[in-house]
Amino acid sequence: MPQPASARSAPRLCAQRLIVGIARNLRTLRVGADITQHSAARALNVSYQQIQKYENGRNRITAEKIYTLRKLYDVPYSAFFEDVTEDE
């Protein structure tokens, strides 16, 4: 028996909330480290527009890129997930 549409969309909504929370932290951490979008883009080998998309939650960021930013921003991995919940 197929699931109702609301049950199917719940995991996507949850994932989107997580993405938005991580995106908010990406920007907060970058600004706190006094790093420009251009500098972050160079470190990740992407355009500054891509950094904007990560920070606005329009594109998902990979674990590899979080690893690079962790070192650039000098923060623990947990900083990217601070105050991020499924219930945002």
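**Exercise 1. The cavity**

Task: State how many cavities of 30 Å³ or more the structure holds, and describe the lining of the largest cavity.

Solution. 
Step 1. The structure, a predicted model, holds 1 cavity of 30 Å³ or more.
Step 2. The space in the largest cavity comes to about 40 Å³.
Step 3. Its lining consists of L26, A40, I51, Y54, E55, I61, L69 and Y73.
Step 4. Sorted by class, the lining has 7 nonpolar residues, no polar ones and 1 charged.
Step 5. At least two lining residues come from each of α3 and α4. The largest share, 3 residues, is supplied by α3.

**Exercise 2. A charged residue in the lining**

Task: Decide whether E55 is buried or exposed, and find the partner of its side chain in a polar contact.

Solution. 
Step 1. Locate E55: this residue is in helix α3.
Step 2. Compare its accessibility with the cut-off for burial, which is under 20%. E55 has a relative accessibility of 9% and is therefore buried.
Step 3. Look for a polar partner. The side chain of E55 makes a polar contact with the side chain of R30, at 2.6 Å.
Step 4. List the contacts of E55 beyond four places in sequence: A23, R24, L26, R27, R30 and Q37.

**Exercise 3. The nonpolar core**

Task: Find which members of the largest nonpolar core touch the most other members, and trace the contacts of L26.

Solution. 
Step 1. The largest nonpolar core has 17 residues, and L26, L69, Y73 and F80 touch the most other members.
Step 2. Two or more residues of this core come from each of α1, α2 (37-44), α3 (48-56) and α4 (63-73).
Step 3. With neighbours within four places in sequence left aside, L26 is in contact with Y54, E55, I61, L69, Y73 and F80. Among them, L69, Y73 and F80 are named in step 1.
Step 4. For context, nonpolar side chains tend to be buried together in soluble globular proteins.

How values were computed
Residues are numbered from 1 along each chain as its sequence is written. This is a predicted model: local features need pLDDT of at least 70, side-chain atom pairs count only at pLDDT 80 or more; totals for chains, interfaces and linings use all residues. Side-chain values use heavy atoms; hydrogens and water are left out. A nonpolar core is a set of buried Ala, Val, Leu, Ile, Met, Phe, Trp, Tyr and Cys residues joined through side-chain atoms within 4.5 Å. Buried means under 20% relative accessible area, exposed over 50%, partly exposed in between (1.4 Å probe, protein chains only). Helices (H or I, at least four residues) and strands (E, at least two) are DSSP runs, numbered from the N terminus. Contact means heavy atoms within 4.5 Å. A polar contact is a pair of N or O atoms within 3.5 Å; within protein, one must be able to donate a hydrogen and the other to accept it, and residues adjacent in sequence count only if both atoms are side-chain atoms. On a 1 Å grid over the protein atoms alone, a cavity is a set of points where a 1.4 Å probe fits but cannot get out, and a pocket is an open set with protein on both sides within 12 Å along at least five of seven lines; lining residues have an atom within 4 Å of a point. Grid points are joined across faces, edges and corners, and a volume is the space filled by probe spheres set on the points. Ala, Val, Leu, Ile, Met, Phe, Trp, Tyr, Cys and Pro count as nonpolar, Asp, Glu, Lys and Arg as charged, and the others, Gly among them, as polar.
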